[in-house]
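Let's walk through this model together, one interface at a time. Please have the viewer open as you read.

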Amino acid sequence: MSTPVMHKKKKFGTGTIWTVLAWILGLGFFFPVLWMVLTGFKQEADAYSDPPKLFFTPTLDQYRAVLSSGIGTALMNSAFATIVSTILVLLLGIPAAFALSLRPVKKTKDVLFFFISTKMLPVVAVIVPLYVIVGDIGLLDNIWALIVLYTAMNLPIAVWMMRSFFLEVPSELLEAASMDGASLWTSVREVILPLVSPGIAATALICTIFSWNEFFFAVNLTAVQAQTIPVALVGFITGEGLYWARLSAAATLAALPVVLAGWIAQNKLVRGLSFGAIK
Amino acid sequence: MAAITYKKASCVYEGADKLAVDSLDLDIQDGEFVVLVGPSGSGKSTALRMLAGLEDIDGGAIEIGGKNMVGVPSKDRDIAMVFQNYALYPNKTVGENMGFALKMRGVSTEERKKKVAQAAEILDLTEFLDRKPGKLSGGQRQRVAMGRAIVREPQVFCMDEPLSNLDAKLRVQTRTQIAALQRRLGTTTVYVTHDQVEAMTMGDRVAVLRGGKLQQFASPTELYDNPVNAFVAGFIGSPAMNLMTVPIGSGGVQIGDATLPLEREVMTKLASAGLDTVTIGLRPEQLGIEHGAGFAAQVDLIEELGSESYVYAHLDDPKVKGLDGGPVALVARSAVRAPAKIGESISLTKLDGPVHLFHPESGDRI
């Protein structure tokens, strides 16, 4: 009789350890973000104080300063590049993934490998030729150059992700739809797309995050006009030194849209994919 | 409603060196319930999918109502299909699932609602019309799949093992419901199963397939009484027919010390064919268990089903071989509690009914 009790105790013990560990890790990851948000509401003097101040009089001064420094253009540029490139990626990637998963051919594996192989080359290795090409076609410091690059950068990931979602759609569903008299396009619209919508949301979110945070292309191919938010953030590190509080406020502003996008996508993400379709 | 004709229809899968369906000839009458049955890999599902337009017809033709279906896409064949795993649209409600085909045909919302309601009534689904398939039990999902088929009033029903995901009790229940529904609607139905009990109980006629080839196409009783070869004989009936290859003696076949007498004409036929062995088939109900007379066997296992019992035994005679060349295992049915125990020596006698005889090599009926 004593064995099950001991077993139970032990289980309870390890469970607690995991919980504590998870909390420590979670707080460890979250703390810098929290500190950034807090610092954004401080005066520069408070931000620099040693030991660090946890309690202070919050102020919106830094946000006012950031917003008047012309960060709006960078935000708009980032939003435009992110939204347009994500839409392009979905428009190109979803049909490609659909074809590769539901109508596989002999070379499907090769095609998929080709897609992912484009991610294997370090970006640094191609930046010079890219710079020359972009310069030649006159798109330096033009947001469309970034849009094209972000689309190309995210397309392989989108195809791979969407393919795995399409693979989970039972092929009988398409067959059933065609027996019911639906054309391919109608079956896709009425049956397939609603099923993979969580996948589309996840893919869109990933593409949004990657495009929004992209720094390397942006810093090399843009200057003033097409500057995006990660590049603008670097601008707060000035020759006169670091303005911690202002930088924190700017960084918080920059992070907000992605957090928002993640929150919107979350509702979609948790829904089961094809529950109830078969068996 | 329409008749269906398979005319030397063949199908080959890419990369395979054998035909999945090999020159299939079937003549299915209007309103008939035909079951395609066979072990896995027999091509029964492929044959059905060719009819539905989900698999290409690579040779020959399939006609529905006299019209050749080669090259006609599924959506234009006016066939409804019930899939093994139902393939319900998870994002649509039961009502939308059932009405989808009508919507595709441009039937008005009102008319659609009426027809769906009628079908739901028949299948006892009325209270579930607004639910999503994910919230239904297996049996209810199966009925929705049926509903999706009948609401359309198609020319042909195709059913691909629609009962295999149900538990045993529900399967028996649904089996009779489907058969009754089909009789009531009178829609030509092609039904695929690997379960010979389903085949026997549901079909007006049953087509037995093996390795892509049609073995026999006949009524269930005809299949049971007159199987054309040893494969059909062994496949139809549960427990299976006892099949063994035995040496021919004078006046009959030799099993151990006993002789199973055969008619004079049969003996001359065997002699003229130049055979010294023959494959015989005896149904379990044709074997009586006695102590003394008959041929000796050792009891391996006894299954008591209450109303009847099955005695599994093996023969010791090395000259009598099973179809695989190994020792022979027999099963005898007893209408009463088994008159034997495990490990006991018993004697088996042949009771009434004909002895099925098959060629020892080709397996064809003699």
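How much area is buried between chain A and chain B? About 2200 Å² is buried there, and carbon and sulfur atoms give 60% of that; buried area is the accessible area (1.4 Å probe) that two parts lose on being put together, summed over both. This is a predicted model, in which local features need pLDDT of at least 70, side-chain atom pairs count only at pLDDT 80 or more, and totals for chains, interfaces and linings use all residues. Residues are numbered from 1 along each chain as its sequence is written, chains are lettered from A in the order in which they are written, and side-chain values use heavy atoms, with hydrogens and water left out.

Across this interface, 22 residues of chain A are in contact with 26 residues of chain B (heavy atoms within 4.5 Å). There are four salt bridges between the two chains (a side-chain nitrogen of Lys or Arg within 4 Å of a carboxyl oxygen of Asp or Glu).

Between domain 1 and domain 2 of chain B, about 650 Å² is buried. Tyr224(B), Ala230(B) and Ala233(B) supply 66% of the area that domain 1 buries against domain 2, more than any other three residues.
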